[in-house]
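Me: I am new to this structure and would like to learn how to read it. Could you take me through its features one at a time?

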Amino acid sequence: MDTPRLDGQSIIVTGATSGIGFFVAEGLARLGAQIIVAARSAEKAQSAIALLAEPARHRHLELDRADLESVRGAGLRIGAGPPVHGLVMNAGVIAAHPTYSEGPFGVEYTVGVNVLAHLEFLRLSFPALTHATEARVISTGSFLTKKIPFDADGWLAPSAYRPRAAYAMSKHAAEIVGFELDRRLVASGSRVRSVVSHPGSAIDALTPDRPPLHQRSALVRTLAAAVAPVFSRVVQGKDAAAQPAIAAMTTPMLPAAAYFGPRTGATGAPILTTPVPTSLSPELGRSVWQQVEERLGAPIIPE
């Protein structure tokens, strides 16, 4: 089945100045979407936009997820503006701090930046999504959720901090809230849907060059071409890792609890797959949703 065109649709992609986020933006732009590159650096945003199809169609939105003033200002500008057809909440701190650090809303930094800052931006920009004929919110999970269980009591501020676990908690929470958001949107009859995707495993060495954003040495390119077939079921380039999010935004008919990931779990073409049970738990969804709203001090979906 051909991927539907997105001509005339406006889609926000956070973290679109590098890595997987850039390739999400690139893929959606090729389908005709107007990309709003939500990023802290105007210079990097313009470099990314210059590489997209028809650069004049796209624009930069200043957004620093570690700065609540920036998050709220960006959200209010989007919310008061024209319709938005999609929000891809892709950006994320991957290399968590080596020791515990407090982030936005007084929670662990990785969770605060990856999850709560995104949800505060979503809360304030939500009116623009409701003004579209149809719209989608894409939350980004991780297959790491299958390896590190969710800490329902300590995900916001763990008693024993580990960087890898902090990142996993942020991805668990993104999935849990993403599915709970969809349940609530469907129940309300909203034209907005929430979809969750995960990128699998990706490395820069197997990622196509996009200078000045990403440039491999000649040696790395040569080695990558040689080893890619050998490791094709284990790791892929970030262009391939972007495909589940693109599928989440473009697949015409969505089932309940739609979750897109690579075919093998780590690599491959995007398919509808199954998350860990905790991500789908309605009870846990309600609990995490309530905790998030308490931290935000306002409903995620404006009343």
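Me: How do the residues of the lining of the largest pocket divide into nonpolar, polar and charged?

Reply: They divide into 23 nonpolar, 16 polar and 8 charged. Here Ala, Val, Leu, Ile, Met, Phe, Trp, Tyr, Cys and Pro count as nonpolar, Asp, Glu, Lys and Arg as charged, and the others, Gly among them, as polar. Before we go on, keep in mind that this is a predicted model, where local features need pLDDT of at least 70, side-chain atom pairs count only at pLDDT 80 or more, and totals for chains, interfaces and linings use all residues. Residues are numbered from 1 along each chain as its sequence is written, and side-chain values use heavy atoms, with hydrogens and water left out.

Me: How is a pocket found, and which residues lie nearest the centre of the largest pocket?

Reply: The general idea is that rolling a probe the size of a water molecule over the atoms shows where empty space is left. On a 1 Å grid over the protein atoms alone, a cavity is a set of points where a 1.4 Å probe fits but cannot get out, and a pocket is an open set with protein on both sides within 12 Å along at least five of seven lines; lining residues have an atom within 4 Å of a point. Grid points are joined across faces, edges and corners, and a volume is the space filled by probe spheres set on the points. In this model, the largest pocket holds about 1200 Å³ of space. Its lining has 47 residues, and Asn90, Ala91, Gly92, Val93 and Ile94 lie nearest the centre. At least two lining residues come from each of α1 (19-30), β2 (34-39), α4, α5, α7 (238-241) and α8 (243-250). These labels follow DSSP runs numbered from the N terminus: helices are H or I with at least four residues, and strands are E with at least two.

Me: What about the second largest pocket: how much space lies in it?

Reply: About 340 Å³. Of its 17 lining residues, Glu134, Arg136, Met249, Thr251 and Pro252 are the closest to its centre. Both β5 and α8 supply at least two residues of this lining, which divides into 7 nonpolar, 5 polar and 5 charged residues.

Me: How many cavities of 30 Å³ or more are there?

Reply: The count comes to 1. About 100 Å³ of space lies in the largest cavity. Among its lining residues are Met89, Ala91, Asn114, His118, Ser139, Lys171 and Gly178. α4, β5 (135-140) and α5 each give at least two residues to that lining, and by class it has 6 nonpolar, 5 polar and 1 charged residues.

Me: How should I read the packing of two helices, and at what angle do α4 and α5 cross?

Reply: Two packed helices are described by the angle between their axes and the distance between the axes. Axes are lines fitted to C-alpha atoms, for helices over the stretch in contact, and angles run from 0 to 180 degrees between N-to-C directions. The axes of α4 (residues 109-130) and α5 (residues 163-188) cross at roughly 25° and come within 7 Å. The two helices are therefore roughly parallel to each other; angles under 35 degrees count as roughly parallel, over 145 as roughly antiparallel, 65 to 115 as roughly perpendicular and the rest as oblique. Residues in contact (heavy atoms within 4.5 Å) include Val115, Leu119 and Phe126 of α4 and Ala174, Val177 and Leu181 of α5. By class, this contact has 13 nonpolar, 3 polar and 1 charged residues.

Me: Which peptide bond is cis?

Reply: The bond from Pro211 to Pro212 is cis, with omega near 5°. Pro212 is found in the loop between β6 (192-197) and α6 (218-227).
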